[in-house]
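Biologist: Hi! Could you walk me through the aromatic rings in this one?
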Amino acid sequence: MTKTYSISREIGIDAGHRVSTHGSVCANLHGHRYRILAHVVAIEVQTQGVQAAMVVDFGFLKELMKARIDHVCDHGMIMYAEDPWLPKLLSSGISLDDIKQKLAAAPHVAIDEIPGVQTKLCVVPFVPTAEKLAEWWFGELAEDVVKLSHDCARLHAVEVWETPNCQATFSPGGAVEELLRGRGVG
């Protein structure tokens, strides 16, 4: 049996979204106080530097989450690129075709300078459900967790709480197995 270490870090953001494909009230524009938890796993702690005896420093993980999630989405609106309401939210200087072209090369497009309006709009290539947000944010954090940990740890899962009673988790699985392979085990 392989021993493992794991840590978790939580941040909160306030953001709006719309589940345009939903058959009920979630098809309306609405917002949540999202709780986002990143779960990191390792089979050994770091042995040197400022993170010695740690999987990843909690503060370093917090800063990463703030840069990749909070900065992009907090106090903003997250919209699906194919949402029929999206054109109504765009200024005349921004075209839907331009947004879709940018999405082909990036996980999201941030639109934060609509003339005359203070807004933060994040356009994504998926319906922004809790499940898909968890998957997106996992992708935003995973590579940097490896770098932060000097290759000692992997992001295991991201949980997204939309309400105190509703939570979704994304994990591609295999984090511990990947670490073991990297050490020549398994």
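Modeller: Happy to! One term to begin with: a residue is buried under 20% relative accessible area, exposed over 50%, and partly exposed in between (1.4 Å probe, protein chains only). This is a predicted model, where local features need pLDDT of at least 70, side-chain atom pairs count only at pLDDT 80 or more, and totals for chains, interfaces and linings use all residues. Residues are numbered from 1 along each chain as its sequence is written, and side-chain values use heavy atoms, leaving out hydrogens and water.

Biologist: Is Phe170 buried, exposed or partly exposed?
Modeller: Phe170 is partly exposed, because its relative accessible area is 21%.

Biologist: And how do Phe138 and Phe170 pair up?
Modeller: They form an edge-to-face pair, 5.4 Å centre to centre with 75° between the planes. Rings of Phe, Tyr and Trp (its six-membered ring) pair if their centres lie within 6.5 Å; planes under 30 degrees apart are stacked, over 60 edge-to-face, and the rest tilted.

Biologist: How many aromatic pairs are there by this rule?
Modeller: The count is 4 aromatic pairs. One of them is Tyr34 with Trp137, also edge-to-face, at 6.2 Å and 85°.

Biologist: Which residues do ring pairs link into a cluster?
Modeller: Tyr34, Phe126, Trp136 and Trp137. Tyr34 counts as buried, because its relative accessibility is 0%.

Biologist: New topic: what sits over the ring of Trp85?
Modeller: The charged end of Arg18, 3.7 Å from the ring centre. The rule asks for NZ of Lys or CZ of Arg within 6 Å of the ring centre and within 35 degrees of the ring normal.
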